[in-house]
Each structure stands twice: as C-alpha cells, then as structure tokens.
Amino acid sequence: MADNLSEALKTLKLTSADGASDSIEGCLDCLLKALAHNNVEASGKIQEMGVLPMMPALLSAQNSCTPKVANIIAEVAKNEFMRSPCVEAGLIPPLVQLLNCKDEEILLQTGRALGNICYDSHSLQAQLISMGVIPTLVKLLGVHSQNTALTEMCLIAFGNLAELESSKEQFASTKVAEELVRMFRKQVEHEKKEMIFEVLAPLAENDVIKLQLVEAGLVECLLEVVAQTMDSDREEDVAQLKTASDLMVLLLLGDESMQKLFEGGKGSVFQRVLSWVPSNNHQLQLAGALAIANFARNDGNCIHMVDTGIVQKLIELLDRHVEEGNVTVQHAALSALRNLAIPVVNKSKMLLAGVSDVVLKFLKSEMPPVQFKLLGTLRMLIDTQADAAEQLGTNSKLVERLVEWCEAKDHAGVMGESNRLLSALIRHSKSKDVVRTVIQGGGVKHLITMAMSEHMIMQNEALVALGLIAALDLDCAEKDFVGSSLVQVLHKLLTDERSAPEIKYNSMILICSIMGSVSWGERHINSHTTVRSRERTTRQSSVGVCPECQKAACLLRSLRRIFVIGEAI
C-alpha cells in the first residue's frame, strides 16, 4: 500500500502539470484508498511529497476530479497536524469559491473540507465569515433541502460558526430563521431535531434573530415538542423537553420577542407557559417560572400578571419546594416574584397575598443563589411599604440571618444584598423598634462598613440608615458607632475629593443627627478629659484628649461652623 501511495503521489505531481484528467483521477482514487486504510500515515506522506500546494489548481479546474480532490482534503484535515499545512497551501479560497457551484457532491465534500480545516479554530472560522460563507450556506440549505447529507453539513457548519459573535450579524441578514424552522417542522427523528437545536441555541442569543425565530413560528414548534414529551420518561424525550423549554425561555430574553409573545397578557403562548408552573415536572416548573420572570421586565406586564393571579401560582410553587426542594426552581420562582414586586402598585397586593411569608421560609437555605434572590425579593417588597418594613425589621431571626450573610465574603452578591436589605428595613420603616432590633442583632457595624462601599448607591443607603439610627436611638447605638470608628469613616468621606456631593451631603446629615442627639461627640470627648484631668497633679504630661477624640472634636466644631453659616444663609 505504501509503495502504491508513493507511486501515485509521484504520478500525480507529474500529470497534474499537463492536466491529464484520467491519470489524475486514478492517482486520486489511490490516495483515497490509502487514507481509508491508514489516514495518519497517508496524510503524512502527502505532506512529505509536497502534494498539497498542487490542490488549489486541481480544485479550480472544476471537473470530474474536483469532488475527489475536496474529499482528499477533507480526509487529510481530520488530522490536527495537517490543518496548518492545508491553510499554508492556500486551500481555503478555492474551497470557498466551490460553495457557489451546483454539483451536490462537490458541495458536500467542499463543506467537509472547510469544516475539518477550520475545526476548533476561531481565527480560521472568523476568516470564513469574512469571506461571506454564511449567506452562501444559508442559500444552500434552502436550495438543497432534500439532500440529507448536504443539509447536515450545513447544520454542522452553522453550529460551529454561530459560536462566534461576529457571525450573528451575517446570520441576521439572511433567511436562516425561516429555513431552520421549516426544516425543524419536517423532522421526526430525535437526532435531526437535536442537530437543529444545537444551531438554534447560539443563534437565539442574538436579539434580532430571536425576533426572526418567533416570527418564523419556532415557538409553536417548541410548544408542540413540550406537549409530546412532557409525560414521557424516555431519556431522549426528557432531553428534548429540556432543550425545547430552555430555548423557549431564551427567546423571551429579547424585549421585542418577549412583548410579541406576551400580547397584552392574552397571547396563547403566554397562557401555555403559565400552565407549566403548577405541573409536576420540575423542568416545566423551572421554565414556567423563568418565563414569568422574563415577561415581568416592564411595569405594564408586571401589573397585568399580578392582577390576574400569577403571584398565587408562584407562592404555591415555592411551597412545594420548601423542604429539600429543587434549588433551580426556588431560584426561578423568587426571580419572578422579585421582578413582579418592582412596580409600586404591586407591592401591597403581593404583601397581602402572603409573598413575604413564603419567602421567609427559605431563610434557612444554604444555597447562595437562593439567598441572593430571597434578599432581593424582600428588598423590592418593602420599598415604600412602612408597615411591611417594620414587621420584617422587628423579626429578630431575619435580622440575625442578615447579619450573618453580611459577612459572607465568599459570595459578594449575597453580602451586598444583605447589607442593602438591612438598610432598607430601617429607611422604609423609620421605626425605633426596627433600629433597636438591628442594633441588638449586631447590624450597625455592617452599615458603617457599607458606607465605604465602592458603589455610591450603597454608600448613600448606608448613610441614610445610620442617620435614622442616630436620630431614633443614639444611646443604644453609641457603643457600635465608637467601636466601628464611625467618626473616622465620616472624616474620610468628607475629605475625600472623590466622594460624590450626595455622599458628603448624607454624611453631614448623619453628623447633624449625632450632634442633635444629646451631643454624643462631646460626651464621648468629655468622658476622656474628665478621667485624664484627675492625673494633672501627678502626671502633667498625660493631660489631654485621645487622638480619636481630637479628630471628633475638630470635626464637630468644623461642622457646627458650616451648619451655623448655612442657617444664616
């Protein structure tokens, strides 16, 4: 076999120059046999004999040998060590040109060759995109839809190219959505549907293509798949159900596609998705809750959904997952409730429905994603709701858990949301009982730390909450204020040039609250000077104020002057 291959390669080099197609075709047949027998060895021999640089000319001839040449390149390029030599031999441009021919065998082998050469190489795939292969392949899919091998080749190519962000714009300018949906409708085999799914998923990440897929009727296809597989235990049906429902949720991430499917809350698709929530299938429960969360991305949709009883469905779903429940379903349902709670008119309705009670059942969760959504949901619910904020803020178990999560340094999101909810309980309730619960629970130090956050909104929320603590119960908070160096924090915020005007304003408001509450700063200073004055007779050098008190006194005197001048103005 090796001798035959060497002879064929020599003959090929000699005969390709004069274009003797009969001799060339015999050599090509020999090469294909050798590759089928031992691909790696034969590929190495082809490279060694310098045959690859001859291939562009053979491809450009477009005769009976062309599909065999493309097939040889496809086989050779299965080997990773041969891909760079194929590129260096200049094979990509003539192969791309061949995609415009009408011969189905040439098209098939050309597609295979390009796919193998560019396999797992984003740079080469990007080169193909820049050469305009996407519109050409989409056109091929439409023209040759009856050729199974050719359509599969196109799908594989789409799946590889669609992973690149640069491909999305080109795909969006073609009729790929129509072609894929049309093909999906005709498929009955699980494997073929999976191939199409693998292309649809990356394409559907683009908002323009999302809308195109919705308009092409993909959603109806997905709902049909769900209906056919939801009661099945077969592994392939379970997989297909997950893929279809996940893709459905992905389509709802686009604003236009989501609103088109919502249809004012009366759309058949919207109604079908809602029916998934009370099902006994965890995948459908998850998809239904995520779909609601995605529909709840504007106030109009949220208000309509709350008015039509969706909150009760979510509450019942969460109740089913309290004890050893499905974490992904918990997370999705809490996400939906959080979004629904954003419009002001929804908050009191959701509180009345018992949302806060069911959410509190998940306080014992040790899963950070659930903790994060739980905190966000409660924070949205109590915004502007004084009674609810007071009720939750005097719940010592909740406050203790928040203080614990404020120290969750491994989970920045949970830590941040815990701090924000702690602040929100005080800000929205303006209740002395809430303030005292937070102080007793050890929350003050976390609010002082929060005042130094890198996020301005969190700084402001912390400062406002601390101002309310100072105004409502300074005596109880005094020890925490001193122990957590509140004076130094305020001094830094006021002297830092990078502090926003709002930060400085709220810092001064906090100091006003402190100054107006039994002159805490002076009492703290006097407590030191009184003790030290007893030592004057024996240790004159020790008389004075501690450095911390000196800073505090200076700051208080400066601010007094500022506020007095301010009042005069």
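Here are legends for a handful of close-ups of this predicted model.

View 1. Glu75 sits in helix H5, which covers residues 66-76. With a relative accessibility of 15%, Glu75 falls under the 20% cut-off and so counts as buried. Its side chain makes a polar contact of 3.0 Å with the side chain of Lys78. If you skip the neighbours within four places in sequence, the contacts of Glu75 are Leu35, Asn39 and Arg112.

**View 2. The largest pocket.** This pocket has a volume of about 350 Å³. Lining it are 19 residues, and those closest to the centre are Gly111, Gly115, Met153, Ile156 and Ala157. Helices H8 (104-117), H9 (122-130), H10 (133-143) and H11 (148-161) are the elements that each give two or more residues to the lining. By residue type, the lining splits into 13 nonpolar, five polar and one charged.

**View 3. The second largest pocket.** Here the space comes to about 300 Å³. There are 15 lining residues, with Met415, Asn419, Thr449, Met450 and Met458 closest to the centre. Helix H29 (412-429) and helix H31 (444-450) supply at least two lining residues each, and H29 gives the most, with six.

View 4. Lys45 and Glu48 pair up through their side chains at 4.0 Å, N to O. Both belong to helix H3 (residues 39-48), and because they are three residues apart, about one helical turn separates them. Glu48 is exposed at 60% relative accessibility, while Lys45, at 26%, is partly exposed.

**View 5. Arg420 meets Glu461.** The side chains of these two form a salt bridge at 2.7 Å, N to O. Arg420 is in helix H29 and Glu461 in helix H32 (residues 456-483), so the pair ties together parts that are 41 residues apart in sequence. Both ends are buried: Arg420 has a relative accessible area of 15%, and Glu461 comes in at 11%.

**View 6. Asp473 meets Arg436.** Another salt bridge, at 2.5 Å from N to O, joins these side chains. Asp473 belongs to helix H32 and Arg436 to helix H30 (residues 432-440), so this pair links parts that are 37 residues apart in sequence. Asp473 is buried, with a relative accessible area of 5%, whereas Arg436 is partly exposed at 34%.

View 7. Glu25, Asp29 and Lys68 are linked by a network of salt bridges. Across the whole structure, the search turns up 24 salt bridges.

Methods:
Residues numbered from 1 in each chain as written. Predicted model: local features only at pLDDT ≥ 70, side-chain atom pairs only at ≥ 80, totals over all residues. Heavy atoms only, no water. Helix = DSSP H or I, 4+ residues; strand = E, 2+ residues; numbered from the N terminus. Buried < 20%, exposed > 50% of the residue type's maximum accessible area, 1.4 Å probe, protein only. Polar contact = N/O pair within 3.5 Å; in protein donor to acceptor, adjacent residues only side chain to side chain. Contact = heavy atoms within 4.5 Å. 1 Å grid on protein atoms, 1.4 Å probe; cavity = no way out; pocket = protein on both sides within 12 Å on 5 of 7 lines; lining within 4 Å. Points joined across faces, edges and corners; volume = space filled by probe spheres on them. Nonpolar A, V, L, I, M, F, W, Y, C, P; charged D, E, K, R; others polar.
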